[in-house]
Amino acid sequence: MEQTQNDNKKIVLSGIRSTGNLHLGNYYGALSKFVRMQDDYDCRFFIADLHALTTHPDPRTLHENVKDILAEYLAAGLDPEKNIIYVQSDVPEISEMYLLMNMHVGIGELMRTASFKDKARKALGINSDSDDIEKDIIGNQTNQRVNAGLLTYPTLMACDILIHKADFVPVGKDQEQHLELTRRFASRFNNFYKTDYFGKPVNFNFGGDAVKVPGLDGSGKMGKSEGNCIYLIDDEKTLRKKVMRAVTDEGPKTPGQPVSQPVENLFTLMDLVSGKETTDQYRAAYADCSIRYGDMKKQLAEDILKVTLPIRERILDIRSNEEYLSKVVRRGAEQARAYAADTLRDVREIMGIRRI
Ligand code: ADP
Ligand code: TRP
C-alpha cells in the first residue's frame, strides 16, 4: 500500500462527524486550523462516519453528508496532495483496534464522560443536570438510543488518533475531555503491556487557547443540534437574515456597564471574522453607550460573508464532481490504511493475538 513521505514531521490527525453541513464553529474550532497546519505537519484528516452512526442517521442522508463534508474540507483549502484525506469506515483497521482497545476501557469512566451524559440525557428526554443519569440509563433497558456505540464513542476516537500515532489533534474546546481519555487509554495500554508504544497526543491551537464559537441565540456554543448555526454553505440572503436576527439586549444605559452574554457572543464572533481592531471600535461604542446593534450586525454579516462566500462557491463546484471526490478518498484510504495496518499489527502482537 502507498505511504507518503513523512520527513520526520510531527503527525497531525483530526476528523469531523458527518452529521450535517459545517458551520462557523467547526470552521474556527477545527477546519481552519487543519488548513493552516497542512504545510508544516504530516497531516491526516478524516470524516467520522462511524461516529455519526451513534445517533442513527437515515442511511441515505449519512452517505450524502460524507460527500458534503469532504467537499467542504476541500473547498476550505485542504489539499489532497499535502494531506491524507479519508473516510473513517474506509479504514477497517480502526474498527479492529477499537475492539482490542475496548478491553482496556472501563464502563464507569465512559459513563462519566460529559458528552455521553449529555447525549444520553437528550435521548431519554431528561433535562436535569443530575448525576443520576447512570440510574436512568440502567433503569431504561429498552431505550436503544442510549446505545453501546454512544458509550464507547471515546474508545473509537482514541483509536482514530492512536492508530496514526498522532502528536497533535486540532479540535475545539468541547473535545478536550475526549483527548484526555485518549491519553489515559494510551498510558494504560503502555503500563499494562510494559511498553512505551503509544505517545500522548495533545490539542493544537497555534499557542492560543482552544476556541469556542458562540451561537447567535445568546447562549452556549454554536452547534448543529442547537439550531443556532451559520453554515459555510449559507447563501448571502440567509446568512444576513440570521445575523440580523441574532439575540442582543436593549442596549447599554450607563457608560462602562458590563456586557451581557448575547452581546459578548457577538463580540466574540466579530473578533474571529473582523479582527480585534474592528471589535475594539464596537466595544468602545458600547462603553460610551453610542453603539447601534443594527450597524454592528451589518458589519458582522459583511465580514462573515467575506470568509464564507468564496468557500460556498467552491463547495458548490467541488460537490458536483463526484468522480473527483471519490478519487480523493480512495487514494486517502490507501495511504491511511498503510499506517493503520502497521499500528494494528504491532498492537495485536503486543496483546498476544498471533497467527498459529
Ligand atoms: P457539532 O457540535 O456541531 O455537532 P462536531 O461535534 O461535529 O460539531 O464538531 C466537529 C469539530 O468542530 C470538533 O473539533 C469540535 O470541537 C469543533 N466545534 C464544533 N462546534 C464548535 C464551536 N461552537 N466552537 C469551537 N469548535 C467547535
Ligand atoms: N469526536 C469528534 C467530534 O465530535 C470527531 C472525532 C472523531 C475526532 N474521531 C476523532 C476528532 C479523532 C479528532 C480526532 O467532533
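In this predicted model, a polar side-chain atom of R17 lies 3.0 Å from an oxygen atom of ligand 1, a polar contact being a pair of N or O atoms within 3.5 Å; within protein, one must be able to donate a hydrogen and the other to accept it, and residues adjacent in sequence count only if both atoms are side-chain atoms. The backbone also takes part. A polar backbone atom of M222 is 2.8 Å from a nitrogen atom of ligand 1. For K224, a backbone N or O atom lies 2.8 Å from an oxygen atom of ligand 1. On its own, ligand 1 has 540 Å² of accessible area, and the protein covers 95% of it. Accessible areas come from the Shrake-Rupley method with a 1.4 Å probe; for residues, only the protein chains shown count as cover.

The model is predicted: local features need pLDDT of at least 70, side-chain atom pairs count only at pLDDT 80 or more, and totals for chains, interfaces and linings use all residues. Residues are numbered from 1 along each chain as its sequence is written, chains are lettered from A and ligands numbered from 1 in the order in which they are written, and side-chain values use heavy atoms, with hydrogens and water left out.

Ligand 1 is surrounded by 18 residues, a residue being near if one of its heavy atoms lies within 4 Å. The closest are H23, D174, V213, K221 and M222. By class, this shell has six nonpolar, seven polar and five charged residues. Here Ala, Val, Leu, Ile, Met, Phe, Trp, Tyr, Cys and Pro count as nonpolar, Asp, Glu, Lys and Arg as charged, and the others, Gly among them, as polar. Both β1 and α1 (24–37) supply at least two residues. Helix α1 gives the most, with four residues. Helices (H or I, at least four residues) and strands (E, at least two) are DSSP runs, numbered from the N terminus.

R17 also reaches ligand 2. An N or O atom in the R17 side chain is 3.3 Å from an oxygen atom of ligand 2. Taken alone, ligand 2 exposes 360 Å², of which the protein buries 92%. Of the 13 residues around ligand 2, the nearest are H51, Y153, M157, D160 and Q175. The shell comprises seven nonpolar, four polar and two charged residues.

Strand β1 also belongs to an open sheet of three strands, ordered β1-β2-β3 with parallel pairing. Two strands pair if DSSP finds at least two bridges between them. The edge strands, β1 and β3 (83–87), each pair on one side only. Strand β2 (residues 42–48) and β3 pair over five bridges. F45 stands opposite I85 in β3.
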